[in-house]
Structure formats: C-alpha cells, structure tokens
Amino acid sequence: MTTRHLIDRLGGLAFGGDYNPEQWDEPVWKEDDELMRRARVNLATVGVFSWALLEPEEGRYDFSWLDAHLDRLHANGVAVDLATPTASPPPWFTLAHPDAMPVAPDGARLTHGSRDTYCLAAPAYRDATVRIATALAERYGGHPAVAMWHVHNEYATLCWCDHTAAAFRDWLHARHGSLEALNEAWGTAFWSQRYAAWDQVLPPRSTQWHRNPGQALDFRRFWSDTVLAAYREQRDAIRAHSDRPVTTNMMLPGYQNLDLWALGREVDLVSIDHYPSAPGLDAAADTAFGADRARSFAGGRPWLLMEQGTSTVYDRDRILGKEPSEILRHTLGHIARGSEGALFFQWRQSRAGAEQWHSAMLPHAGADSRIFREVQAVGEAVARLGELAGSTVTAQVAVLHDSDAWWALEVDGLPSADLDYHGTLRRAHRALWDAGVTVDFAHPGHDLSRYRLVVAPALFLLSDAGAANLLRYVADGGTLLVQYFNGFVDDRLHARLGGYPAMPLREALGIRVEEPRPLRRDERIVLSDGTHGTVWSESLRTEGAEASVTYTHGMLAGKPALTRHRFGAGRGCYLSTHLDDPGYAALIARLLDEAGVGPESPGLRPGVETVTRQAPDGRRWQFVLNHRADAVRLPEPALDLLTGRPADELPPGGCAVLLRY
C-alpha cells in the first residue's frame with residue numbers, strides 16, 4: 001500500500017495521535033470512542049511503549065488485548081499506525097541480556113528504569129527487535145485497522161560498549177579498507193596515535209583531553225549507519241507480511257544522531273516529531289523550521305507530523321503551555337508546509353509515569369476544558385482540508401544542511417565554543433521566514449538549479465564534490481551566500497591548505513581567507529556600514545571580489561567583512577563575521593531582492609505567515625496565519641476553507657486557508 005492509498009484510506013488528512021489504552025480501563029475506553037468521534041480523530045498510533053505487555057517473557061506473546069483495541073478502533077472509524085515497541089525494552093530483557101544495556105563514554109553501564117535503554121550494536125537486542133516486529137507483522141499485516149507501520153520511536157541512544165567497539169571496527173574496515181588508510185584519514189601521526197592492529201581501535205570514549213577529531217566524526221557516521229541498519233531489519237520483517245507503508249519518526253533538529261537525508265530515502269513516509277523550543281512568535285518560526293526540514297528530507301514525497309505537543313512549548317528549563325489558538329496555528333503551520341495531517345503525543349494525558357505532565361489532546365481536566373475544545377476545533381479544521389491531500393509546496397530559496405558538517409562542528413578543539421550548527425541554520429531560516437519566504441533545505445551535493453538563492457550558513461566541512469557543485473550553481477546563474485568558517489576542512493576533517501574555503505568554491509567567491517580570528521565572549525565589533533559583528537571574524541583578501549562591508553578597527557581595519565563576486569552568470573557572496581540580527585536581516589533582504597525573490601504575500605505586516613500548497617490541476621491553497629495580537633486585513637480576499645465563507649480580515653491569532661486559482 002502506497003502513501004497515496006493511506007491518504008485515500010483516511011479520506012483526507014490525518015488527525016489524531018499516540019493512543020495508549022493499556023494505561024486505562026473499559027469505562028475510559030468507551031469514553032475515548034465517543035470523544036474521538038467528537039474530535040474527528042481518524043488515525044491513532046498504538047503500541048509504541050507496549051513491549052512488556054506484548055511479550056511478558058522472552059518468546060511468549062500476548063496479543064489478546066491488542067486484538068481487542070484494534071478491532072474497537074476500527075469499528076469506531078479510527079485507522080491505526082501500529083508501532084513496534086522496541087524503544088523501551090521490558091525489565092526481563094535487562095536481566096536476561098545485561099550486556100545489551102547502553103554504556104556511556106566514561107564506561108558506566110546504564111540500567112533499566114527509563115526508555116531507550118538498549119545498545120543498537122548488541123546482537124541480543126537486534127535479534128529481539130526483529131522477533132517482535134515479525135510477530136506483530138505476522139498477526140496484523142492484513143488487519144483492516146492497520147493503515148501504516150511505525151518502527152521504534154525516535155532512534156536516539158548512542159553506546160560506547162564492547163559490542164559497539166567490535167561493530168565500529170567492522171564499519172571502519174569496510175569504509176577505509178586498511179589500517180594504513182585509517183591512520184592517514186585520522187591523522188594518527190599526531191600525538192603518537194598510530195594504530196598497528198585493528199583491535200587497538202576503540203570508540204571515542206572519555207579520555208584525558210581532546211579526542212581525535214577524525215575518530216569522533218567517523219563514530220557519528222558509524223552510529224547513523226547502525227540506526228539505518230536496525231531500522232531496515234524491522235522494516236523488512238514487516239514488509240514480508242504487510243503491504244502498508246512503514247516509517248519511523250525523526251526528532252528534529254539535533255536530538256538524533258542521524259543522517260536524515262539517508263533516513264528519508266529508507267522510509268515510505270517521512271514522519272517527524274516537533275516541539276517548539278521557545279514561546280510566542282519564536283514558536284511559530286520554529287514550527288516552520290521543523291516543517292520545512294521534514295518536507296525537504298521527504299524529497300518531494302508525502303510527509304506527516306507524527307507528534308506535536310497539544311500545549312507544550314519548551315523554554316530552557318520550563319515547559320510552557322500554548323496560548324489560545326496556538327494549537328490551531330501550529331497545526332496549520334505544518335500542514336501549510338506539506339504535512340499530510342497532524343498527530344499529537346498523546347490522546348489522553350497519563351495520570352502516572354514519567355510523562356504525566358506532558359500535555360495531551362484530552363487533558364487531566366477532561367473534555368470540559370479549553371484544551372479539548374480547541375482540539376475539537378482543530379479536528380474540524382483539519383477535516384475541512386481533505387482536498388489538499390497530495391498537494392505540494394515549492395520554494396525558490398534553499399538553506400544547505402549536511403550531517404557531516406554538523407558532526408564536524410561538534411568535535412573537540414575548535415577555535416570557538418559558540419559555533420552552534422543548528423542555531424546557525426535556525427538563524428538563516430528565521431531571517432528568510434521573517435521576510436515571508438518559503439524555504440527548502442538541501443544538501444551541498446543536490447541539484448540546486450531550481451533555487452534563485454542558496455544560503456550556506458554552516459558548512460565547516462565541505463567535500464570536494466560539494467565545493468564543485470556550489471561552483472556550478474553560481475556559474476549557472478545562482479546567488480550563493482557562504483558564511484564564516486565554511487569549507488575549512490575536507491570530508492576527512494583535514495584542513496584545507498593554501499587558504500580557505502575549499503577550492504574550487506574560492507573561485508566562485510573571489511576571496512581567500514588566510515586567518516580565522518574568533519572574537520572574545522560578548523565582544524561586539526563595528527563594521528563600516530554601521531552594523532555589528534560578534535562571535536567570529538576572519539582575515540581575508542579579495543581575489544576578484546568586491547568588498548561591500550569592511551572591518552573598522554584592530555588588525556582587520558579596512559579588510560573585507562562582506563564580499564560580492566560576479567562569477568559566470570551568477571553571484572557568490574561571503575560573510576566573514578556573525579552579523580547582528582538587524583544587519584543579517586538586511587543582508588538577506590538585499591540578496592532576496594537581487595535574486596528576484598519576493599514575499600509569499602506582499603503587503604502583509606510582520607508576524608503574518610503565508611505559505612501556498614498547490615495541486616497539479618492549478619488549484620492553490622494559501623495559508624494565512626496571523627501571529628499578531630491585532631486584526632489583519634487581507635490584500636486579496638478569497639474563499640476560506642476553514643469557514644466556507646469569503647475572508648477579507650483575520651482576527652488576532654486567526655487563520656485562513658484561501659482557495660485560489
């Protein structure tokens with residue numbers, strides 16, 4: 001069954017969430033049936049953390065309770081996203097296979113008592129996961145309730161145990177071919193680290209000071225490949241008995257050590273979990289960030305918001321509630337950017353356990369509550385948008401993302417502790433979001449020709465092939481912004497000799513960086529146009545480029561801070577410092593204007609978000625989300641699918657989905 005069949009099966013967009021009936025009793029189940037109908041729930045994720053009930057002892061399965069719930073949900077018109085429960089092994093597994101518990105970098109072995117207590121490299125764990133996935137697929141592969149499969153949950157646990165060490169050595173041998181090649185790649189001539197036998201090679205465990213950067217990077221690559229292999233084992237076990245789509249949920253942005261481009265190619269349907277990391281307008285921007293990344297990892301295929309918090313916003317050491325109407329705006333923010341629906345964690349708020357204060361569609365207060373009334377309203381809104389299923393979102397701007405560059409920027413010994421990979425990506429995306437522009441994420445090796453502007457904010461590591469691809473993009477007419485500390489190392493983490501960034505990218509930029517000069521903590525420098533730089537600066541010279549902005553003091557006085565270079569039919573720009581927010585926003589605005597990219601809906605005030613989904617037949621649906629505290633006039637009134645009436649104004653916090661042709 002393809003994802004198209006899934007959409008047809010649901011009759012439109014998905015709405016629902018994780019459902020854990022095993023936490024409750026029969027009177028509650030009956031209430032759930034009635035309230036799910038009221039909320040327009042059509043998809044429930046079942047069984048995510050149910051391993052101890054499904055397999056109460058090794059090799060003995062009890063499916064009777066799950067049989068009853070799947071039959072009940074099906075009779076109630078709710079389809080099931082059936083999960084394999086492998087993210088939370090039961091206590092008996094811990095006792096039977098203590099060597100399968102994860103080991104921290106300092107050698108401490110963790111014990112049972114939470115979720116994610118497993119080592120993906122432990123044979124006993126991998127065997128157990130395939131057995132339970134096979135047993136579930138054999139029993140439910142053709143069950144009429146099952147619309148899709150959900151492998152594991154948020155693959156995240158890393159491990160540094162002896163099983164991991166053995167698997168890491170096998171992976172290294174396959175990647176490098178010989179110890180000589182490994183020693184060269186890791187630069188082991190430094191600090192007397194040269195390896196003479198494979199059994200001397202270990203994961204990057206806790207050590208005296210800096211760990212070998214090449215070793216650390218390869219370990220992150222190895223662990224991503226280990227996750228993909230573990231996922232494929234369960235997926236293939238399911239596919240042997242079921243034709244329904246199979247996925248696993250990504251947790252964005254950096255929770256999982258995963259190459260999300262690679263995972264996106266392995267799943268039938270990209271799915272993500274997303275929880276905003278700041279309140280207010282920042283939460284809306286973060287929603288767009290997560291949704292744009294998910295759509296990009298899906299590569300043009302459908303994707304689904306698998307989890308969001310009904311009333312959960314993380315703010316450092318606080319978990320905040322959402323304001324009235326934010327549940328709808330965040331939900332529509334994902335659907336606007338391509339999601340085939342919106343699910344929550346979870347349906348009913350747990351009365352006990354580690355996540356009893358995690359918000360849910362049905363809170364502790366019950367159905368007579370603001371939260372549930374808003375959930376009902378959101379369910380009604382999603383149900384009205386069924387005709388959007390299968391439509392697409394098109395962007396003219398891309399931000400470059402590469403997991404190798406992320407992992408490289410987290411190795412020991414870099415010149416500054418303020419080089420935040422995902423923070424830098426978020427900042428680039430936020431500036432474009434504030435400008436009213438829809439954004440794709442892309443890999444440096446992708447075909448970039450459809451984008452008018454490409455922003456490379458954090459490619460500290462850049463392969464030779466990636467550098468050549470960016471050169472071609474500029475030569476063929478694209479506008480490229482490369483930011484500081486980009487292309488300084490190759491894909492082995494070896495420094496680029498003769499100046500930075502990587503050749504031949506330097507040709508497209510017309511510059512040569514000679515010296516990175518990180519700034520002191522809280523240091524703020526003045527640039528020639530009155531903007532300010534923080535965090536970082538560089539000593540560079542132009543080799544054909546024009547200096548648009550220069551430094552004004554110190555040894556860099558008069559030297560370029562921002563450059564522009566005509567190359568072929570395009571333009572390459574280089575920014576060698578971390579601009580303050582107004583300066584960065586102004587730079588992005590100038591580049592958008594020069595690239596001929598305007599806001600999605602010109603004339604709207606800041607804080608009003610617009611995104612368009614489009615169908616092959618020419619229909620377009622423009623989402624307009626008012627994140628402001630005042631009413632907003634719409635420049636082009638149109639029929640609003642949410643109300644069935646023409647809309648020309650949005651109230652404070654209001655939303656519209658306007659049908660246009």
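A residue counts as buried when its relative accessible area is under 20%. In this predicted model, Q483 has a relative accessibility of 3% and is therefore buried.

Q483 is found in strand β15, which covers residues 479-483. Leaving aside residues up to four places away in sequence, Q483 touches T424, V455, A456, P457, Y574, L575 and Y584.

The next residue to look at is E609, in strand β24 (residues 608-614). With a relative accessible area of 5%, E609 is also under the 20% cut-off and so is buried. The side chain of E609 makes a polar contact of 3.2 Å with the side chain of W433.

Elsewhere in the model, two helices can be followed as a pair. Helix α7 spans residues 162-176 and helix α8 spans residues 179-186; their axes come within 9 Å and cross at roughly 90°. Because angles of 65 to 115 degrees count as roughly perpendicular, α7 is roughly perpendicular to α8. On the α7 side, the contact is made by F168, L172 and H176, which meet A181, L182, A185 and W186 in α8. Sorted by class, this contact of α7 with α8 has six nonpolar residues, one polar residue and no charged residues.

Conventions:
Residues numbered from 1 in each chain as written. Predicted model: local features only at pLDDT ≥ 70, side-chain atom pairs only at ≥ 80, totals over all residues. Heavy atoms only, no water. Axes fitted to C-alpha atoms, helices over the stretch in contact; angles between N-to-C directions. Helix = DSSP H or I, 4+ residues; strand = E, 2+ residues; numbered from the N terminus. Parallel < 35°, antiparallel > 145°, perpendicular 65-115°, else oblique. Contact = heavy atoms within 4.5 Å. Nonpolar A, V, L, I, M, F, W, Y, C, P; charged D, E, K, R; others polar. Buried < 20%, exposed > 50% of the residue type's maximum accessible area, 1.4 Å probe, protein only. Polar contact = N/O pair within 3.5 Å; in protein donor to acceptor, adjacent residues only side chain to side chain.
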